[in-house]
Amino acid sequence: MDIAGAREFQQAESLFMSGWFADAQPHYQALLSHAHWRPLAHRRLGHIALLDNRLADAGSDLTIAYRAAPEEATARLLADLYLRSGDYDQAARFFAVLGRRSFAALLRGLARRRPYAIEWDGRPVRLPFAADSMPLARVRVNGREAHVLIDTAAQETVLDAAFARRVGVQVGRAAESAVFAGGSQGAVRYAPLDELALGGITLRDLPAQVQPLTRHFRLYGEVPVEGIVGTGLLSNFTSSFDFAAGALVLERGDTEELREGVPFYLAASFLPVTRTRVGERLSVLQLLDTGLSGADLALAPATAQAVGTVTGTTVSQSAESGGGQVPVTTLPPLSIGVGALRRTATALGLMHFPLEYRFGFRLGGVLGHTLFSGNTLTLNFRHMRLLTS
């Protein structure tokens, strides 16, 4: 038995599962010299590179891992890699392997066009939004004005089913099941979106998810939410949420300031997660969800217990998420730190959190946009840095 390799593996896995990816990486690199552990080491190294958005490195390791052992976990990572890199033919191949045939068919169709083609003069664009409840902005979809939620926990652009029909979007018939940030599930369909305009930026031929949004979201005096702009779109820019002024700023600058901040990672295709300080001692990864309503953050049961609070001790209520309402309990205010930001936050306890281990490592909960109220939150996707100011 390879005892040295087994010890290295256990140490690497412990760090990886806890979200200490940079610390886990040299242990997986050491495992490359152990034949038994080599395929798994390549998969983990590829996964770490994908989390860091280092796509070339991720592709090299994941391809080696898949050739050695064509497992579903590696296929899922390769699907995310090719989707993120814009190789829709290869992405479709792996999503089909995973049984997501409707999404795969959409990607194959878009691959014959110029997916995510951007028309823009390069100057920063400020898109005003209302943010008392959730960030809600006005955009144009196929030339028609639409109210859209800006939600970092949405991966694709999402359209309300009835609105999509009104603007001529050709929606696929086959449905797929989806799990949303709060853990709720629902059926979604997919469609190619011809045009989406955000201020001075126009995007063409992009994948869109279609679901009945208006049954879940009516904001600001019963304004229907007709779509959601997710991180798949935002990742094409340096995206700043100016919550003090109520505006989303999209640009592609590369200043020294934008390289500062703390690391964040992209789980799955486009889900931003970052390390936070909860209470006095706990450090845990959490999903950034600007679509969370009702509190500054929501904690998984184990995280709530670790900071000395227990879910289920108060009367349950419901919080809005991208999939509708999810059961929660109220928690006492908690000290929370994200990057340079430190404040006492309102908190909810999630009764169930299916996303806790869904991405191969542990998530401790969800961060909402009200945590950054009065501040600016910037996501620099080029250098994978989160800045708060």
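Author: Nine nonpolar, seven polar and four charged residues line the second largest pocket of this predicted model. Here Ala, Val, Leu, Ile, Met, Phe, Trp, Tyr, Cys and Pro count as nonpolar, Asp, Glu, Lys and Arg as charged, and the others, Gly among them, as polar. The pocket holds about 290 Å³ of space, a volume being what is filled by probe spheres set on the grid points. A pocket is an open set of points on a 1 Å grid over the protein atoms alone, where a 1.4 Å probe fits, with protein on both sides within 12 Å along at least five of seven lines; lining residues have an atom within 4 Å of a point.

Of the 20 lining residues, G19, W20, P263, Y265 and R275 are the closest to the pocket's centre. Two or more residues each come from α2 (21-31), β14 (262-267), β15 (271-278), β16 (282-288) and β19 (324-338). These elements are DSSP runs numbered from the N terminus (helices are H or I, at least four residues; strands are E, at least two).

Now to the helix packing. The axes of α1 (residues 3-17) and α3 (residues 38-51) come within 12 Å and cross at roughly 25°, which makes the two roughly parallel (under 35 degrees). Each axis is a line fitted to C-alpha atoms over the stretch in contact, with angles from 0 to 180 degrees between N-to-C directions. F9, E13 and F16 of α1 meet L40, R44, H47, I48 and L51 of α3, contact meaning heavy atoms within 4.5 Å. Five of these residues are nonpolar, one is polar and two are charged.

α3 also packs against α4 (residues 55-68), with axes within 7 Å and a crossing of roughly 155°; the pair is therefore roughly antiparallel (over 145 degrees). That crossing is left-handed, the near helix being turned anticlockwise from the far one by less than a right angle. Among the residues in contact are H47 of α3 and D61 of α4, and by class there are 10 nonpolar, three polar and three charged.

For α6 (residues 88-97) and α7 (residues 101-111), the axes come within 8 Å and cross at roughly 165°. Their contact includes F95 in α6 and F103 in α7, and its residues divide into 10 nonpolar, no polar and three charged.

Residues are numbered from 1 along each chain as its sequence is written, and side-chain values use heavy atoms, leaving out hydrogens and water. As the model is predicted, local features need pLDDT of at least 70 and side-chain atom pairs count only at pLDDT 80 or more, while totals for chains, interfaces and linings use all residues.

How values were computed. Parallel < 35°, antiparallel > 145°, perpendicular 65-115°, else oblique.
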